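This report is a first guide to the protein shown below.

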Amino acid sequence: MGEKLNNAVFRDLCRSSGVAMIATDQWLTIRFWNQAASRIFGRRSEEMHGEPILAIVPEDRRELADRLMQRAFYQQETNELEFIAKTPEGKERFLAVTISPIIDPSNKACGVSVCARDVTRRIAHEHRVAETNKMSALGSMAGGVAHHFNNLLGGVLTSIDFAQHSDDPEMLQRTLRNAMSALSRANQLTGHLLAFAEGDHSSSPVDNIREVIAQYVRDREPLLAERGIVLESELSRVDCAVPVKCLRTMLDALLDNACDAMTEQDGVLKIELKREDGDTMLLRLSDTGKGIASCDLPHIFEPFYTTKKMGGHSGQPHAGLGLPVAHGIVKDLQGTIEIRSIESHGTACEIRLPLLIACASERSTPHVQ
(Lines give C-alpha, C1' and ligand atoms only; values in the text may rest on other atoms or scores of the structure.)
Protein backbone atom coordinates (compact mmCIF):
# COMPACT_ATOMS: atom_id res chain seq x y z
CA MET A 1 0.00 0.00 0.00
CA GLY A 2 2.78 2.40 0.98
CA GLU A 3 4.69 1.68 -2.24
CA LYS A 4 1.59 2.35 -4.35
CA LEU A 5 1.04 5.60 -2.48
CA ASN A 6 4.64 6.65 -3.03
CA ASN A 7 4.34 5.87 -6.75
CA ALA A 8 1.18 7.94 -7.01
CA VAL A 9 2.81 10.86 -5.22
CA PHE A 10 5.83 10.57 -7.48
CA ARG A 11 3.67 10.60 -10.63
CA ASP A 12 1.70 13.60 -9.38
CA LEU A 13 4.93 15.39 -8.50
CA CYS A 14 6.39 14.86 -11.99
CA ARG A 15 3.17 15.88 -13.75
CA SER A 16 2.55 19.04 -11.73
CA SER A 17 6.14 20.25 -11.32
CA GLY A 18 6.88 23.78 -12.54
CA VAL A 19 10.01 22.43 -14.23
CA ALA A 20 9.72 20.71 -17.61
CA MET A 21 10.54 17.05 -16.96
CA ILE A 22 11.24 14.83 -19.96
CA ALA A 23 12.47 11.24 -19.90
CA THR A 24 13.80 9.12 -22.77
CA ASP A 25 14.59 5.48 -23.34
CA GLN A 26 18.03 4.14 -24.30
CA TRP A 27 17.51 5.31 -27.90
CA LEU A 28 16.92 8.89 -26.66
CA THR A 29 13.27 8.72 -27.68
CA ILE A 30 10.80 10.67 -25.52
CA ARG A 31 8.76 8.43 -23.20
CA PHE A 32 7.61 10.96 -20.58
CA TRP A 33 6.53 14.58 -21.00
CA ASN A 34 4.96 16.52 -18.12
CA GLN A 35 2.55 19.47 -18.10
CA ALA A 36 5.34 22.04 -17.63
CA ALA A 37 7.05 20.71 -20.76
CA SER A 38 3.79 21.21 -22.69
CA ARG A 39 3.55 24.77 -21.41
CA ILE A 40 7.19 25.66 -22.13
CA PHE A 41 7.55 24.02 -25.54
CA GLY A 42 3.95 24.48 -26.69
CA ARG A 43 3.52 20.79 -27.55
CA ARG A 44 1.19 18.22 -25.99
CA SER A 45 2.48 14.98 -24.51
CA GLU A 46 0.64 12.97 -27.19
CA GLU A 47 2.51 14.85 -29.92
CA MET A 48 5.96 14.36 -28.40
CA HIS A 49 5.72 10.77 -27.19
CA GLY A 50 8.00 8.66 -29.43
CA GLU A 51 9.82 11.69 -30.89
CA PRO A 52 13.65 11.99 -30.64
CA ILE A 53 14.68 14.22 -27.75
CA LEU A 54 16.84 16.36 -30.04
CA ALA A 55 13.62 17.58 -31.69
CA ILE A 56 13.19 20.08 -28.82
CA VAL A 57 16.70 21.54 -29.29
CA PRO A 58 17.42 24.33 -31.84
CA GLU A 59 19.58 23.22 -34.77
CA ASP A 60 22.56 25.37 -33.75
CA ARG A 61 22.72 23.60 -30.34
CA ARG A 62 21.89 20.03 -31.39
CA GLU A 63 25.45 18.85 -31.87
CA LEU A 64 26.41 19.94 -28.34
CA ALA A 65 23.15 18.61 -26.87
CA ASP A 66 23.64 15.23 -28.56
CA ARG A 67 27.19 15.00 -27.19
CA LEU A 68 26.01 15.82 -23.65
CA MET A 69 23.20 13.28 -23.83
CA GLN A 70 25.52 10.57 -25.08
CA ARG A 71 27.86 11.31 -22.18
CA ALA A 72 24.92 11.21 -19.76
CA PHE A 73 23.90 7.78 -21.03
CA TYR A 74 27.27 6.11 -21.55
CA GLN A 75 29.37 7.84 -18.87
CA GLN A 76 26.58 8.65 -16.41
CA GLU A 77 27.53 12.32 -16.32
CA THR A 78 25.22 15.21 -15.47
CA ASN A 79 25.68 18.35 -17.57
CA GLU A 80 23.98 21.66 -18.14
CA LEU A 81 22.98 23.43 -21.33
CA GLU A 82 21.23 26.69 -22.21
CA PHE A 83 19.33 27.48 -25.38
CA ILE A 84 16.43 29.48 -26.75
CA ALA A 85 13.32 27.44 -27.59
CA LYS A 86 10.54 28.69 -29.84
CA THR A 87 6.92 27.66 -29.37
CA PRO A 88 4.77 26.91 -32.47
CA GLU A 89 3.42 30.47 -32.09
CA GLY A 90 6.96 31.86 -32.41
CA LYS A 91 7.37 32.89 -28.77
CA GLU A 92 10.95 32.64 -27.51
CA ARG A 93 11.85 31.17 -24.15
CA PHE A 94 15.32 31.08 -22.59
CA LEU A 95 15.83 27.67 -21.05
CA ALA A 96 18.35 26.36 -18.51
CA VAL A 97 18.53 22.60 -19.07
CA THR A 98 19.99 19.84 -16.90
CA ILE A 99 20.77 16.53 -18.64
CA SER A 100 21.14 13.48 -16.35
CA PRO A 101 21.23 9.70 -16.73
CA ILE A 102 18.30 7.55 -15.60
CA ILE A 103 19.76 4.65 -13.61
CA ASP A 104 17.89 1.34 -13.24
CA PRO A 105 18.11 -1.00 -10.18
CA SER A 106 21.09 -2.82 -11.72
CA ASN A 107 23.00 0.51 -11.72
CA LYS A 108 22.92 0.80 -15.52
CA ALA A 109 21.65 3.73 -17.56
CA CYS A 110 18.31 3.01 -19.18
CA GLY A 111 17.61 6.49 -20.51
CA VAL A 112 18.21 10.20 -20.09
CA SER A 113 16.24 12.81 -18.15
CA VAL A 114 16.00 16.38 -19.37
CA CYS A 115 14.83 19.03 -16.90
CA ALA A 116 14.28 22.51 -18.34
CA ARG A 117 13.61 25.72 -16.42
CA ASP A 118 12.19 28.81 -18.10
CA VAL A 119 14.63 31.61 -17.17
CA THR A 120 13.29 34.20 -19.63
CA ARG A 121 12.43 36.70 -16.88
CA ARG A 122 15.82 36.28 -15.23
CA ILE A 123 17.67 36.83 -18.52
CA ALA A 124 15.57 39.92 -19.29
CA HIS A 125 16.31 41.30 -15.82
CA GLU A 126 20.05 40.61 -16.24
CA HIS A 127 20.01 42.41 -19.59
CA ARG A 128 18.33 45.43 -18.00
CA VAL A 129 20.87 45.47 -15.16
CA ALA A 130 23.76 45.08 -17.62
CA GLU A 131 22.42 47.94 -19.75
CA THR A 132 22.07 50.15 -16.68
CA ASN A 133 25.61 49.30 -15.54
CA LYS A 134 26.95 49.92 -19.05
CA MET A 135 25.33 53.35 -19.25
CA SER A 136 26.63 54.17 -15.77
CA ALA A 137 30.16 53.12 -16.75
CA LEU A 138 29.95 55.11 -19.99
CA GLY A 139 28.81 58.15 -18.03
CA SER A 140 31.73 57.82 -15.62
CA MET A 141 34.18 57.33 -18.48
CA ALA A 142 32.79 60.33 -20.37
CA GLY A 143 33.18 62.40 -17.21
CA GLY A 144 36.77 61.21 -16.81
CA VAL A 145 37.62 62.00 -20.44
CA ALA A 146 36.04 65.45 -20.19
CA HIS A 147 37.82 66.19 -16.90
CA HIS A 148 41.31 65.25 -18.12
CA PHE A 149 41.03 66.89 -21.53
CA ASN A 150 39.46 70.00 -20.03
CA ASN A 151 42.46 70.36 -17.70
CA LEU A 152 44.95 69.77 -20.49
CA LEU A 153 43.35 71.92 -23.18
CA GLY A 154 42.26 74.61 -20.73
CA GLY A 155 45.87 75.13 -19.68
CA VAL A 156 47.00 75.29 -23.32
CA LEU A 157 44.35 77.88 -24.23
CA THR A 158 45.19 80.04 -21.21
CA SER A 159 48.92 79.96 -22.00
CA ILE A 160 48.39 80.80 -25.66
CA ASP A 161 46.00 83.63 -24.83
CA PHE A 162 48.55 85.08 -22.42
CA ALA A 163 51.41 84.69 -24.93
CA GLN A 164 49.44 86.54 -27.61
CA HIS A 165 49.82 89.76 -25.64
CA SER A 166 53.52 89.32 -24.95
CA ASP A 167 56.53 90.21 -27.10
CA ASP A 168 58.92 88.22 -24.91
CA PRO A 169 60.55 85.46 -27.06
CA GLU A 170 61.32 83.42 -23.96
CA MET A 171 57.65 83.56 -22.96
CA LEU A 172 56.63 82.35 -26.44
CA GLN A 173 59.12 79.45 -26.26
CA ARG A 174 57.89 78.45 -22.81
CA THR A 175 54.28 78.57 -24.01
CA LEU A 176 55.09 76.31 -26.96
CA ARG A 177 56.91 73.83 -24.69
CA ASN A 178 53.96 73.72 -22.29
CA ALA A 179 51.52 73.30 -25.16
CA MET A 180 53.59 70.45 -26.62
CA SER A 181 53.76 68.75 -23.22
CA ALA A 182 49.99 69.03 -22.71
CA LEU A 183 49.19 67.79 -26.22
CA SER A 184 51.64 64.91 -25.79
CA ARG A 185 49.84 63.97 -22.57
CA ALA A 186 46.48 64.16 -24.39
CA ASN A 187 47.84 61.92 -27.16
CA GLN A 188 49.04 59.43 -24.53
CA LEU A 189 45.60 59.37 -22.90
CA THR A 190 44.00 58.74 -26.30
CA GLY A 191 46.45 55.90 -26.96
CA HIS A 192 45.64 54.36 -23.59
CA LEU A 193 41.91 54.54 -24.28
CA LEU A 194 42.44 52.82 -27.63
CA ALA A 195 44.55 50.14 -25.96
CA PHE A 196 41.75 49.58 -23.44
CA ALA A 197 39.06 49.36 -26.12
CA GLU A 198 40.92 47.53 -28.88
CA GLY A 199 44.27 46.32 -27.52
CA ASP A 200 47.65 47.76 -28.51
CA HIS A 201 47.70 47.49 -32.31
CA SER A 202 50.88 49.50 -32.89
CA SER A 203 53.53 47.74 -34.95
CA SER A 204 55.87 45.66 -32.83
CA PRO A 205 58.52 42.99 -33.35
CA VAL A 206 57.91 39.61 -31.72
CA ASP A 207 60.21 37.65 -29.44
CA ASN A 208 60.11 34.79 -26.94
CA ILE A 209 58.05 35.83 -23.92
CA ARG A 210 60.65 34.60 -21.43
CA GLU A 211 63.40 36.64 -23.07
CA VAL A 212 61.24 39.77 -23.24
CA ILE A 213 60.37 39.54 -19.53
CA ALA A 214 63.97 38.77 -18.55
CA GLN A 215 65.19 41.85 -20.42
CA TYR A 216 62.41 43.93 -18.90
CA VAL A 217 63.45 42.84 -15.40
CA ARG A 218 67.08 43.80 -16.15
CA ASP A 219 65.95 47.23 -17.36
CA ARG A 220 63.69 48.01 -14.42
CA GLU A 221 65.65 46.42 -11.56
CA PRO A 222 68.13 49.31 -10.98
CA LEU A 223 65.37 51.93 -11.04
CA LEU A 224 63.25 50.01 -8.54
CA ALA A 225 66.26 49.39 -6.30
CA GLU A 226 66.69 53.18 -5.95
CA ARG A 227 63.20 53.26 -4.45
CA GLY A 228 63.89 50.37 -2.07
CA ILE A 229 61.83 47.86 -4.06
CA VAL A 230 63.27 44.40 -4.70
CA LEU A 231 62.31 42.97 -8.11
CA GLU A 232 62.37 39.18 -8.19
CA SER A 233 61.68 36.89 -11.13
CA GLU A 234 61.03 33.18 -11.56
CA LEU A 235 60.75 32.46 -15.27
CA SER A 236 60.25 28.93 -16.54
CA ARG A 237 61.00 28.07 -20.13
CA VAL A 238 57.95 28.84 -22.28
CA ASP A 239 58.20 28.67 -26.06
CA CYS A 240 55.84 31.41 -27.19
CA ALA A 241 56.44 34.50 -29.32
CA VAL A 242 54.67 37.70 -28.23
CA PRO A 243 54.58 41.30 -29.53
CA VAL A 244 57.37 42.98 -27.56
CA LYS A 245 55.81 46.44 -27.32
CA CYS A 246 52.43 45.06 -26.21
CA LEU A 247 54.01 43.00 -23.45
CA ARG A 248 56.26 45.83 -22.21
CA THR A 249 53.34 48.30 -22.21
CA MET A 250 51.29 45.86 -20.16
CA LEU A 251 54.16 45.23 -17.73
CA ASP A 252 54.74 48.98 -17.38
CA ALA A 253 51.10 49.53 -16.41
CA LEU A 254 51.09 46.69 -13.88
CA LEU A 255 54.47 47.48 -12.34
CA ASP A 256 53.67 51.18 -12.00
CA ASN A 257 50.49 50.28 -10.13
CA ALA A 258 52.38 47.87 -7.89
CA CYS A 259 55.12 50.41 -7.17
CA ASP A 260 52.57 53.08 -6.27
CA ALA A 261 51.06 50.62 -3.77
CA MET A 262 54.47 50.40 -2.06
CA THR A 263 55.29 54.12 -1.93
CA GLU A 264 55.36 54.28 1.88
CA GLN A 265 57.45 51.18 2.48
CA ASP A 266 60.13 49.03 0.97
CA GLY A 267 58.63 46.08 -0.76
CA VAL A 268 59.08 43.04 -2.95
CA LEU A 269 57.68 42.76 -6.45
CA LYS A 270 57.79 39.32 -8.08
CA ILE A 271 57.22 38.25 -11.69
CA GLU A 272 56.57 34.58 -12.43
CA LEU A 273 56.11 32.79 -15.75
CA LYS A 274 55.21 29.15 -16.19
CA ARG A 275 53.34 26.83 -18.48
CA GLU A 276 50.04 25.44 -17.23
CA ASP A 277 48.19 22.32 -18.28
CA GLY A 278 47.03 22.42 -21.87
CA ASP A 279 47.96 25.23 -24.24
CA THR A 280 48.07 28.01 -21.64
CA MET A 281 50.79 29.95 -19.87
CA LEU A 282 50.51 31.90 -16.62
CA LEU A 283 52.17 35.27 -16.07
CA ARG A 284 51.85 36.31 -12.42
CA LEU A 285 52.87 39.61 -10.83
CA SER A 286 52.61 39.98 -7.06
CA ASP A 287 53.58 42.75 -4.66
CA THR A 288 53.71 43.35 -0.92
CA GLY A 289 51.92 46.69 -1.10
CA LYS A 290 48.85 47.97 0.70
CA GLY A 291 46.42 45.99 -1.45
CA ILE A 292 43.08 47.01 -2.91
CA ALA A 293 39.95 47.55 -0.84
CA SER A 294 37.21 45.03 -1.53
CA CYS A 295 34.81 47.83 -2.49
CA ASP A 296 37.22 48.97 -5.23
CA LEU A 297 37.94 45.54 -6.77
CA PRO A 298 34.79 45.42 -8.98
CA HIS A 299 35.82 48.73 -10.61
CA ILE A 300 39.55 48.33 -11.18
CA PHE A 301 39.26 47.77 -14.95
CA GLU A 302 37.02 50.80 -15.50
CA PRO A 303 38.80 53.68 -17.31
CA PHE A 304 39.60 56.70 -15.09
CA TYR A 305 38.67 54.84 -11.91
CA THR A 306 41.46 55.42 -9.42
CA THR A 307 41.86 55.46 -5.65
CA LYS A 308 45.09 57.47 -5.91
CA LYS A 309 44.39 61.13 -5.37
CA MET A 310 47.95 62.42 -5.80
CA GLY A 311 50.58 61.94 -8.47
CA GLY A 312 52.63 58.75 -8.28
CA HIS A 313 56.36 58.22 -8.61
CA SER A 314 56.23 59.62 -12.17
CA GLY A 315 55.03 62.99 -10.88
CA GLN A 316 51.99 62.88 -13.18
CA PRO A 317 48.43 62.84 -11.82
CA HIS A 318 46.83 59.42 -11.96
CA ALA A 319 44.48 59.00 -14.89
CA GLY A 320 43.23 55.58 -13.78
CA LEU A 321 44.15 53.92 -17.07
CA GLY A 322 46.91 51.49 -16.03
CA LEU A 323 44.79 48.41 -15.35
CA PRO A 324 42.28 49.15 -18.15
CA VAL A 325 45.20 49.33 -20.61
CA ALA A 326 46.56 46.01 -19.33
CA HIS A 327 43.07 44.51 -19.61
CA GLY A 328 42.73 45.71 -23.21
CA ILE A 329 46.08 44.26 -24.24
CA VAL A 330 45.41 40.91 -22.56
CA LYS A 331 41.98 40.71 -24.21
CA ASP A 332 43.57 41.50 -27.59
CA LEU A 333 46.04 38.65 -27.05
CA GLN A 334 43.06 36.35 -26.41
CA GLY A 335 43.90 35.89 -22.73
CA THR A 336 42.33 36.58 -19.34
CA ILE A 337 43.43 38.77 -16.45
CA GLU A 338 42.42 38.40 -12.80
CA ILE A 339 43.33 40.53 -9.79
CA ARG A 340 43.49 38.99 -6.31
CA SER A 341 44.06 41.35 -3.42
CA ILE A 342 43.74 41.49 0.35
CA GLU A 343 43.89 44.93 1.93
CA SER A 344 47.22 45.47 3.76
CA HIS A 345 48.54 42.14 2.41
CA GLY A 346 49.44 42.90 -1.18
CA THR A 347 48.05 42.21 -4.64
CA ALA A 348 48.56 39.50 -7.23
CA CYS A 349 47.72 39.83 -10.91
CA GLU A 350 47.31 36.56 -12.84
CA ILE A 351 47.37 36.68 -16.63
CA ARG A 352 46.67 33.57 -18.69
CA LEU A 353 47.58 33.61 -22.36
CA PRO A 354 47.31 30.97 -25.08
CA LEU A 355 50.67 29.53 -26.14
CA LEU A 356 49.81 30.30 -29.76
CA ILE A 357 49.28 34.06 -29.93
CA ALA A 358 48.24 35.77 -33.15
CA CYS A 359 50.47 38.83 -32.99
CA ALA A 360 48.73 42.20 -32.87
CA SER A 361 51.21 43.60 -35.39
CA GLU A 362 49.84 41.18 -37.99
CA ARG A 363 46.16 41.90 -37.29
CA SER A 364 45.83 45.63 -37.63
CA THR A 365 47.41 48.80 -38.89
CA PRO A 366 49.23 50.92 -36.29
CA HIS A 367 47.52 53.76 -34.50
CA VAL A 368 49.30 57.00 -33.63
CA GLN A 369 50.97 56.99 -30.23
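## Surface and overall make-up

The protein exposes about 21,500 Å², of which carbon and sulfur atoms supply 52%; accessible areas come from the Shrake-Rupley method with a 1.4 Å probe, and for residues only the protein chains shown count as cover. The model is a predicted one, in which local features need pLDDT of at least 70 and side-chain atom pairs count only at pLDDT 80 or more, while totals for chains, interfaces and linings use all residues. Residues are numbered from 1 along each chain as its sequence is written, and side-chain values use heavy atoms, with hydrogens and water left out.

The protein has nine helices and twelve strands, these being DSSP runs numbered from the N terminus (H or I of at least four residues for helices, E of at least two for strands). Of its 369 residues, 39% are buried, where buried means under 20% relative accessible area, exposed means over 50% and partly exposed lies in between (1.4 Å probe, protein chains only). Among contacts with a separation of 6 or more, 60% are between residues 24 or more positions apart, a contact being heavy atoms within 4.5 Å.

Helix H8 covers residues 244-260, and its 17 residues reach 24 Å from the first C-alpha to the last, close to the 24 Å expected at 1.5 Å a residue; the expected span is 1.5 Å times one less than the number of residues. Its buried residues include Val244, Leu247, Met250, Leu254 and Asp260.

Helix H7 (residues 209-226) packs against H8 at an angle of about 40°, with the two axes 11 Å apart; axes are lines fitted to C-alpha atoms, for helices over the stretch in contact, and angles run from 0 to 180 degrees between N-to-C directions. That angle makes H7 oblique to H8, since angles under 35 degrees count as roughly parallel, over 145 as roughly antiparallel, 65 to 115 as roughly perpendicular and the rest as oblique.

Met250, in helix H8, is buried, with a relative accessible area of 0%. Leaving aside neighbours within four places in sequence, Met250 is in contact with Leu283, Ala326, Ile329, Val330 and Ile351. The C-alpha atoms of Met250 and Gly322 are separated by 8.2 Å, although the two residues are 72 apart along the chain.

Helix H9 (residues 322-332) has eight of its eleven residues buried, so it is largely enclosed by the rest of the structure. Among these buried residues are Ala326, Ile329 and Val330. Gln334, whose phi is positive and near 65°, follows H9.

## Two loops and a glycine

Most residues other than glycine have a negative phi. Leu28, which is not a glycine, has a positive phi of about 60° and is placed in the loop between strand S1 (20-24) and strand S2 (30-33). Leu28 counts as buried, at 10% relative accessibility. Asn107 has a positive phi as well, near 70°, and lies in the loop between strand S4 (92-103) and strand S5 (109-118); Asn107 is exposed, with a relative accessible area of 56%.

Gly154 lies in helix H5 (residues 120-164) and is partly exposed, with a relative accessible area of 28%. Gly154 and Ala182 are 28 residues apart in sequence and 9.7 Å apart in space, C-alpha to C-alpha.
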